[in-house]
Amino acid sequence: MKPKSMTFIEHWKELRKRLIWCALFFALALVAGMGLAIPVIRHLTEIGPVRDMSLNAFSPWDAIRIYMQVAVYVAFFLSIPFILYQVWRFVMPGLHENERKATAMYIPFAAVMLILGAAFGFFVVFPGAFRFAGLLTESMGLVETFGLAQFVSFFLNIMVPVSLLFELPVVVLFLTKLRILNPMRLAKYRRHAILLLLIVSALVTPPDLISALIVFAPMMLLYELSIMLSRVVYRRQVEADKAWEAEYGER
């Protein structure tokens with residue numbers, strides 16, 4: 001099946017429809033997030049690093065703010081697969097039949113990578129960052145008194161970027177499929193990617209080299225995996241273009 005040609009107005013109407021669907025789904029997910037927020041917060045206060053510590057509310061607004069903040073983040077993570085599906089539905093008319101089937105596989109792939117990123121952040125990055133912060137506090141002779149708002153913000157500031165960084169292979173594959181990226185371009189800007197990933201790793205971890213390298217190593221592996229996957233997709237595109245030209249002439 002050939003890609004469907006659409007006018008600018010048709011593209012705009014389609015985009016508006018997809019955005020409305022995303023907004024409606026996020027609203028429903030937010031209702032679910034509000035129901036899950038308190039169990040999630042209770043679980044966070046019972047995990048290893050803070051199990052034996054007391055968390056405090058320093059303002060009457062702390063509980064309300066953290067409740068809504070966690071609800072929004074839960075809704076966001078629940079909405080990501082649906083949002084990706086709507087993105088796919090928006091670009092689908094411009095894809096060939098084989099491209100539609102291939103890009104449809106990105107949605108479960110993105111969900112899996114998001115879960116892996118969240119697991120890496122939860123079990124590796126967050127405990128290490130919290131432990132380092134505790135050791136630094138102890139070395140300065142300070143007493144650890146944690147506020148719930150500060151603790152949850154610390155947790156989310158680590159979890160969200162680490163989880164989203166694991167979507168890198170999905171984004172690269174999708175952009176390669178749309179012919180926006182290619183493996184040569186990704187390899188050309190590898191040094192820039194290394195610098196950017198080092199900066200991101202330093203931002204989401206405590207200010208010590210070991211923690212930053214623990215995050216940087218899998219990020220760099222993900223970038224190299226992205227190049228490999230992009231190379232596979234690009235090679236298939238080149239072969240498909242050659243087959244098309246051999247049968248129908250140049251596009």
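# Briefing: helices, salt bridges and a nonpolar patch

Aspartate 62 and arginine 65 sit three residues apart in helix H2, about one turn of the helix. Their side chains meet in a salt bridge, at 3.6 Å from N to O. The model is predicted. The chain has nine helices and two strands, and the structure holds four salt bridges.

**The chain as a whole**

- Along the sequence, the pattern runs α-β-α-α-α-β-α-α-α-α-α.
- The C-alpha trace spans about 75 × 40 × 25 Å along its principal axes.
- The chain has 251 residues, and 36% of them count as buried.
- Its accessible surface comes to about 15,100 Å². Carbon and sulfur atoms account for 70% of that surface.
- Take the contacts with a separation of 6 or more: 84% of them join residues 24 or more positions apart.
- There are 24 positive and 17 negative side chains. The centres of these two sets lie 7 Å apart.

- Aspartate 62 has a relative accessible area of 6%. Buried means under 20%, so aspartate 62 is buried.

- Glutamate 14 forms a salt bridge with arginine 18, and their closest N and O atoms are 2.7 Å apart.
- Both residues of this pair lie in helix H1, four residues apart, about one turn of the helix.
- Glutamate 14 and arginine 18 are both buried.
- A network of salt bridges links Glu14, Lys17 and Arg18.

**A salt bridge between two helices**

- Arginine 190 forms a salt bridge with glutamate 224, with the closest N and O atoms 2.8 Å apart.
- This pair links distant parts of the chain, 34 residues apart. Arginine 190 is in helix H8 (residues 190-203), and glutamate 224 is in helix H9 (residues 209-248).
- Arginine 190 is partly exposed, at 28% relative accessibility. Glutamate 224 is also partly exposed, with a relative accessible area of 26%.

**The nonpolar surface patch**

- Met34, Trp61, Ile64, Met68 and Val72 make a nonpolar surface patch of about 470 Å².
- Helix H2 (residues 60-91) gives the most to this patch, with four residues.
- Methionine 34 lies in helix H1 (residues 8-44).
- Methionine 34 has 33%, so it passes the area cut-off. It counts as partly exposed.

**Two loop residues**

- Glutamate 167 lies in the loop between helix H5 (148-165) and helix H6 (168-177).
- Glutamate 167 has 10% relative accessibility, which is under the 20% cut-off, so it counts as buried.
- Leaving aside neighbours within four places in sequence, glutamate 167 is in contact with Ala110, Met113 and Leu114.
- Threonine 145 has its place in the loop between helix H4 (106-139) and strand E2 (146-147).
- Threonine 145 and methionine 53 are 92 residues apart along the chain, yet their C-alpha atoms are separated by 8.4 Å.
- Which residues does threonine 145 contact, leaving aside its neighbours within four places in sequence? They are Asn56 and Phe58.

Conventions. Residues numbered from 1 in each chain as written. Predicted model: local features only at pLDDT ≥ 70, side-chain atom pairs only at ≥ 80, totals over all residues. Heavy atoms only, no water. Patch = residues over 30% accessible without salt bridge, like charges linked within 9 Å, V, L, I, M, F, W, Y side chains within 5 Å. Areas by Shrake-Rupley, 256 points an atom, 1.4 Å probe, with all protein chains shown as cover. Buried < 20%, exposed > 50% of the residue type's maximum accessible area, 1.4 Å probe, protein only. Contact = heavy atoms within 4.5 Å. Lys, Arg positive; Asp, Glu negative; His and termini not counted. Charge placed at Lys NZ, Arg CZ, Asp CG, Glu CD.
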